[in-house]
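Colleague: I am new to these terms. Could we go through a few of them on one structure?
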Amino acid sequence: MQTYLLSQQFNTRSLAENSTACPANATICNGTSCVLPEDNFNETLSIILSTVLTVMLALVMFSMGCNVELKKFWGHIKRPWGIFVGFLCQFGIMPLTAFLLSLAFNVLPIQAVVVLIMGCCPGGTASNIIAYWVDGDMDLSISMTTCSTLLAMGMMPLCLLIYTKIWTDSNAIVLPYDSIGISLVALVIPVSFGIFVNHRWPSKAKIILKIGSIVGAILIVLIAVVGGILYKGSWTISPKLWIIGTIFPAAGYSLGFFLARVAGLSWHRCRTVSLETGMQNTQLCSTIVQLSFSPEQLELMFTFPLIYSIFQLLFALLILGGYRVYRRHQVKTKTDVEKTEEKEDTKSTSSHAKINGGFVLNETK
C-alpha cells in the first residue's frame with residue numbers, strides 16, 4: 001500500500017512538472033507562458049502545391065499549344081478583329097459590369113473595390129482548356145489570353161482609376177506586375193513549344209493534345225479544391241457578395257457571346273470570346289487583394305475571388321454540358337436527314353426503274 005502511494009505521488013509530481021515544462025521548440029519561456037515559433041506548415045504546403053500546380057499548368061498549356069496552327073495564329077495577330085472584340089469584352093464589359101453590380105447591391109466600399117479588381121483582371125488559362133472542349137477557336141483563345149495578360153499591365157491601372165474613384169484612391173491598390181509577368185511567361189513559353197511541336201510533328205501533337213486536355217480538365221477541378229482548402233478567408237462574408245459572385249461570371253459569359261455575335265464572329269469564335277470574357281484570372285485578383293489591404297479589411301471580402309472562381313467554373317461546365325448535348329442532338333438530326341434522303345433517292349430510283357423496264361444503274365445497287 002505504501003509503495004502504491006509513493007508511486008502515485010511520483011506520477012502526480014511528474015505530471016505537474018510536465019504541465020509547466022515548455023515545448024522543445026519554444027523560443028522564450030517564462031513559467032507556463034511560452035513563445036512558440038510561427039507554424040509554417042500551411043505556408044510550406046501552399047508553396048509546394050502552387051509549384052506542382054504551376055508545373056502541371058505549364059504542361060497543359062504546352063499541350064494546348066499543340067492544337068494551334070502557326071499560320072492561323074499569325075492570321076489573328078495580323079487581322080486582330082477577334083482579338084479586338086475580346087479586348088472590348090475583357091476591359092470594357094467586365095469592369096463596367098463590376099461597377100454596376102457594386103452600385104446595384106450597395107456593397108461596402110472595400111467590397112466594391114474587390115469586385116472591380118476582379119472585373120479588371122485579364123482572362124485565365126482555364127478558358128483555353130474549356131474552349132478546346134467546346135470546339136472553340138484555339139488560335140483565337142490563346143491569342144486573346146496572351147494579349148489580355150500583356151495589356152493588363154496598362155489597362156488594369158486605367159480601369160481601376162476610372163471606376164474606383166467614388167470608393168477609394170486607386171493609388172492604394174498595389175498591382176503585382178511581377179505576378180502578371182510570370183503569368184505571361186508561364187503562358188507564352190509552353191504554348192510556343194506546343195506550336196513548334198505541332199508544326200514539326202503533327203501526329204505526335206495530336207496525342208499530346210488528347211492527354212493534355214484530360215489532364216487540364218482534372219487540373220481545373222484540383223485547383224478549385226486546393227483553393228478551397230488553403231483559403232484563409234472567412235466564409236461568413238456578406239450574402240451580397242455571394243449573389244454578385246454568382247451573377248458576375250454568368251453576365252460575363254452572356255455579354256461576351258452577345259457582343260461577339262453582334263460583331264459578326266462565327267459561332268465557334270463566339271463561344272471562345274464568351275469563355276475568355278467570363279473566366280478571369282482569380283489567382284491574380286487574390287494576390288492584388290492581399291498586397292493592398294489590411295487583415296481587418298481582408299475579413300470583409302478576401303473570399304470573393306474564390307466564390308467567383310467556383311461559379312465561373314460551374315457555369316463553364318454547364319456551357320460545356322449544354323454544348324455537348326446540342327452537338328449530339330445535331331449529329332443525330334443530320335444522320336436522320338441523310339437516311340431520309342437516301343430512302344427517298346432509293347424509292348425514286350426504283351420507281352424510275354419500273355417505268356423503264358427494270359433497268360437500274362450500277363451506282364444504286
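Colleague: Where does Ala 217 lie?

Modeller: Ala 217 lies in helix α9, residues 202-230. A helix here is a DSSP run of H or I, at least four residues long, with helices numbered from the N terminus (strands are runs of E, at least two). This is a predicted model, where local features need pLDDT of at least 70 and side-chain atom pairs count only at pLDDT 80 or more, while totals for chains, interfaces and linings use all residues. Residues are numbered from 1 along each chain as its sequence is written, and side-chain values use heavy atoms, with hydrogens and water left out.

Colleague: Why is Ala 217 called partly exposed?

Modeller: Buried means under 20% relative accessible area, exposed means over 50%, and partly exposed is in between (1.4 Å probe, protein chains only). Ala 217 has a relative accessible area of 33%, so Ala 217 is partly exposed.

Colleague: Which residues does Ala 217 touch, not counting residues up to four places away in sequence?

Modeller: Ala 217 touches Ile 129 and Trp 133 on that count, where contact means heavy atoms within 4.5 Å. Ala 217 and Ile 129 are 88 residues apart in sequence, yet 7.0 Å apart in space, C-alpha to C-alpha.

Colleague: How do you know whether Ile 244 is buried or exposed?

Modeller: Its relative accessible area is 0%, so Ile 244 is buried. Ile 244 is found in helix α10, residues 239-262. Its contacts, not counting residues up to four places away in sequence, include Leu 101, Phe 105 and Phe 304.

Colleague: What makes α7 roughly parallel to α11?

Modeller: Helix α7 (residues 138-163) and helix α11 (residues 267-278) pack at an angle of about 30°, with their axes 9 Å apart. Angles under 35 degrees count as roughly parallel, over 145 as roughly antiparallel, 65 to 115 as roughly perpendicular and the rest as oblique, so α7 is roughly parallel to α11. The axes are lines fitted to C-alpha atoms over the stretch in contact, and angles run from 0 to 180 degrees between N-to-C directions.

Colleague: Which residues make the contact?

Modeller: From α7 come Leu 140, Ser 141, Met 144 and Thr 145, and from α11 come Arg 269, Thr 272, Val 273 and Glu 276.

Colleague: Why does Thr 145 count as buried?

Modeller: Thr 145 has 1% relative accessibility, so Thr 145 counts as buried. The side chain of Thr 145 also reaches the backbone oxygen of Ser 141 at 3.0 Å.

How values were computed:
A polar contact is a pair of N or O atoms within 3.5 Å; within protein, one must be able to donate a hydrogen and the other to accept it, and residues adjacent in sequence count only if both atoms are side-chain atoms.
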